[in-house]
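This report covers the strands, the helices and the aromatic rings, in that order.

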Amino acid sequence: MQKSSNRMNRIDEELKKEITNIISYELRDPHLTGLISVTKVSTTPDLRFAKVYVSMINAKSNKGNLARLKKCSGFIRSKVAQKVNLRTTPELIFVFDESLEYGSRIDAILENITKDLKEKSEGNKNEEDN
């Protein structure tokens, strides 16, 4: 079991690297906006499908970008087939990765809590001084 999971991890990382390069340097689609990065690739054990998790920064429309990536998935898959030596190249399924947004929301909440605690402690100090 361990050997196959190591192999799957290596395949996922290799696919992630190649898909990132293809999106960044070879995909010439004027409708894609902002910075698109591949955060994770998860391949099924039979190598038929690969979920490609993407995050987008400064995109006009995340849904629009995701739809464009889905339309370009055949081109991206053919480029992956040329670069990665696999018996079968998995079908690419693009999914929006919300973990960055989730993380930034948590950061904002923690920042507000810290600010509130700081204001309360400063208010208590001022009352003690009087």
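## Basis

Two strands pair if DSSP finds at least two bridges between them. Strands (E, at least two residues) and helices (H or I, at least four) are DSSP runs, numbered from the N terminus.

This is a predicted model, in which local features need pLDDT of at least 70 and side-chain atom pairs count only at pLDDT 80 or more, while totals for chains, interfaces and linings use all residues. Residues are numbered from 1 along each chain as its sequence is written, and side-chain values use heavy atoms, with hydrogens and water left out.

## The sheet

Three strands form an open sheet in the order β1-β2-β3, and the pairing is mixed. The edges belong to β1 (35-43) and β3 (91-96); each has a single partner strand, so one side of each lacks a neighbour in the sheet. From one strand to the next, the twist averages 30 degrees.

β1 and β2 run antiparallel and are joined by eight bridges. Here V38 stands opposite V54 in β2, and I36 has M56 as its bridge partner in β2. Five residues lie between the strands of this hairpin, and L47 takes a positive phi near 60 degrees.

β2 (residues 49-57) pairs with β3 in the parallel sense, over six bridges. A50 stands opposite L92 in β3.

## The helix pair

Helix α2 (residues 62-71) and helix α3 (residues 73-83) have axes that come within 4 Å and cross at roughly 55 degrees. Axes are lines fitted to C-alpha atoms, for helices over the stretch in contact, with angles from 0 to 180 degrees between N-to-C directions. That makes α2 oblique to α3; oblique covers what is left after under 35 degrees (roughly parallel), over 145 (roughly antiparallel) and 65 to 115 (roughly perpendicular).

L69, K70 and K71 of α2 meet S73, G74 and I76 of α3, contact being heavy atoms within 4.5 Å.

## Rings

The charged end of K40 sits over the ring of Y53, 5.4 Å from its centre. The test requires NZ of Lys or CZ of Arg within 6 Å of the ring centre and within 35 degrees of the ring normal.
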